[in-house]
Amino acid sequence: MISCTRCDEKLIIQYQGIPILEHSPARSCLSLRRAEEHVDMYRGNYFIEDSVLDEQDLPLCSVTQAYQEGRGVVSLSFSGKAGTVICDLSEVEGRLQMHLSPLPQPYNRLILRLVACEDEHVWGCGEQFSHFDLRGRHFPLWTQEQGVGRNKATEITQIADRLDRAGGDYHTTFYPQPTFVSSRRYFVHAQTDGYADFDFSHPAYHELEFWDVPSCITVSTKPTLLSVVQDISALLGRQPRLPSWVYDGIILGMQGGTATCLEKLERVHAHGMQVCGLWIQDWEGEKYTSFGKRLRWNWQWDASLYPGLDKEIARLRAQGIRVLGYINPYVLADHPLFAEAKRLDLLGKRADGSVYLVDFGEFDAAIVDFTNEKAVRWYKDVIKRELIDFGLSGWMADFGEYLPTDVILANGRSAMLEHNPWPGYWAQVNHDAIVESNKEEEILFFMRAGSSQSLASCPMMWAGDQNVDWSEDDGLPSVITAALSLAMSGMGLHHSDIGGYTTLYGMKRSKELLLRWAEFAAFTPLMRTHEGNRPKDNWQFDSDEETLRMLAFFTSLHVRLKPYLMHVVAENAEQGIPVMRPLFLHDPDPRFYSVKDAYLLGSDLYVAPVLKPGCNEREIDLPTGEWVHLVTHASYADGKHVVASPLGQPAVFFRWGSEFSELFSSLFNTGTEQPL
């Protein structure tokens, strides 16, 4: 129910008893700006400046309440020397909807202020890597490279900025989403395509800036934070269940040719490792740059590097091992797919009509224009013919965040408005190619870039290119923050490269980091390794015998958890309950509002990974109830404890009385000191 209250020249709009808008002569809830942006893009890193030329608060002119189509509508008219904006509020399908009229010229920025409380907490905005609780900061929402280091105070970020303009910041992300959840038990989602900035730093209000007037702003209130999160995916879409085979082992990232991959597989099998997939990212060929090993972006099998791969795919599948590949939404200049797409006029262009070539770091590639229906059909056919018909059971659908803001697209719409939705278009292309091939129960693809459309189109996210280190903003700890932020944005399936990816500026993956990351990954929906951009600098899954043994053990835990993992993935698909969950979704105690180093896997497993080098214990804070240590079977009450956590004895606890207690109890021998 929408209610309007006037008191001392102040207007308060409430929805379901929660104040949403507050307007007074001293502070308008709506302002207009006239500004000019300057956008500079360098290899997926964006540098955006906005020069404000004029800003006007709009006074409230009138409030009208009426009934339209059987429902109450409140119409707010804001009018001043800048012009007039109408805001209509109505309840549709149990949610508040705000519809705003176009901005009067020459204003091109809308500022909307929503009521906030000093003690309020905020989560979401897509995939955030540095901060889980967003209160006290502003978050520009623009898809781009996540950046190396992502913390301007760190040496790694400073080096990356100085040498390659690639350092990033606390808010840079592949997957921004104009959605946030409040501890007052509501969510706000803005249906907008342009650049936005959500500022949660003001004590009394949240300031939302839009460069594209949202077609709709939705507010939904629910009795619990869990039901609020469920309602986000009910609005935007839910991921399906995963193919059954993905739980049957680890997906090993490997490359270098057919013989090399088969030799590695034979070695891991000799150590008892259960492998459900080989992820061969260079199936289409190699390309080397100063960054390290890159891929040849022509999405056709490289038979010279991988002789006989077509037959090996069929042979391995008969053994229960799938082969996965790699693709992205660009085609490498001067290669066959580029030539075909250029001939058919399917590529993004420059203003002079030439093909727009994007610099991806010492090589150029063209943009397949997803606003052109012919190009969409063509690229789906490429996926069907070159990947699905070839026998691949999945792939990394990489990139999506690089769309230049000056590219000319077939639909004539500004690329400033197509940039943020682009990862969703890319997800839809992959999704539809699989569905049209009747393979949706067999094939898995995963992405790093995302948009609001991704909830309905992408079956699995991955955290992107973390540093091969322990840093809070861009290393192992950051992937938990990322998973929990996405969970609060409605996206319930997430995983990461075991061991990280980015190997630069002296960073090299250590054995300890790889194993701790693998230990954590055993308690996520998917286990997958990556060699990194400089494989020879990194410790790999087969670097020594102990690593092979430990990784085989962690994989066995993951495989034995299959019934439980399938259960919680089904909850996500059917009810919109994320797989990796913030603690407060099941225990609303405010002490959990900022916890980003532990999570619930489903409702019945509490997971507290070791996130620091040389550490063999964890401080934990268990939610309400009685919990049983997965390794020792010792019982713990809720609250704070310090527990031993040497490698192989993770700080994981199951809820007493869980219907999966027998399964959990079987994972370790009672009181064991070493992995089975």
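Predicted model: local features only at pLDDT ≥ 70, side-chain atom pairs only at ≥ 80, totals over all residues.

Me: How do α11 and α12 run relative to each other: roughly parallel or roughly antiparallel?
Reply: Helix α11 covers residues 511-521 and helix α12 covers residues 545-560, and their axes are 9 Å apart. The angle between them is about 10°. Angles under 35 degrees count as roughly parallel, so α11 and α12 are roughly parallel.

Me: Is the crossing of α11 and α12 left-handed or right-handed, and which class of residue has seven members in the contact?
Reply: The crossing of α11 and α12 is left-handed. On the α11 side you find K511, L514, L515, A518, E519 and A521, and they meet E546, T547, M550, L551, F554 and H558 of α12. Sorted by class, that contact has three charged residues, two polar ones and seven that are nonpolar.

Me: And α10 with α11, what is the relation between their directions?
Reply: Helix α10 spans residues 476-487, and its axis comes within 10 Å of that of α11. The two axes cross at roughly 20°. With under 35 degrees as the cut-off, α10 and α11 are therefore roughly parallel.

Me: Which residues of α10 meet α11, and how many charged residues does the contact have?
Reply: From α10 it's L476, V479 and I480, and they meet L513, R516, W517 and F520 in α11. By class, the contact has six nonpolar residues and no polar ones, and the number of charged residues is one.

Me: Is L557 buried or exposed?
Reply: L557 is found in helix α12. Leaving out residues up to four places away in sequence, L557 touches F523, L667 and F668. L557 and F668 are 111 residues apart in sequence, yet their C-alpha atoms are 8.9 Å apart. The relative accessibility of L557 is 0%, and under 20% is the cut-off, so L557 counts as buried.

Me: What about N467: where does it lie, and what is its relative accessibility?
Reply: N467 lies in the loop between β28 (461-462) and α10. Skipping residues up to four places away in sequence, N467 touches a list of residues including V148, I156, D474, T502 and W517. N467 counts as buried, with a relative accessibility of 1%.

Me: T503 is in a loop too, so which residues does T503 touch?
Reply: That loop runs between β29 (494-495) and α11. T503 is buried, at a relative accessible area of 0%. T503 and K536 are 33 residues apart in sequence and 9.9 Å apart C-alpha to C-alpha. Not counting residues up to four places away in sequence, the residues T503 touches are V468, K508, N533, R534, D537 and N538.

Me: Last one: how many disulfides does the count come to?
Reply: The rule asks for two cysteine sulfur atoms within 2.5 Å. C87 is buried at 2% relative accessible area, and its closest cysteine sulfur, in C29, is 7.4 Å away, too far for a bond. C615, for its part, counts as partly exposed at 21% relative accessibility. By this rule, the count of disulfides comes to zero.

Definitions and conventions: Residues numbered from 1 in each chain as written. Heavy atoms only, no water. Axes fitted to C-alpha atoms, helices over the stretch in contact; angles between N-to-C directions. Helix = DSSP H or I, 4+ residues; strand = E, 2+ residues; numbered from the N terminus. Parallel < 35°, antiparallel > 145°, perpendicular 65-115°, else oblique. Left-handed = near helix turned anticlockwise from the far one by under 90°. Contact = heavy atoms within 4.5 Å. Nonpolar A, V, L, I, M, F, W, Y, C, P; charged D, E, K, R; others polar. Buried < 20%, exposed > 50% of the residue type's maximum accessible area, 1.4 Å probe, protein only.
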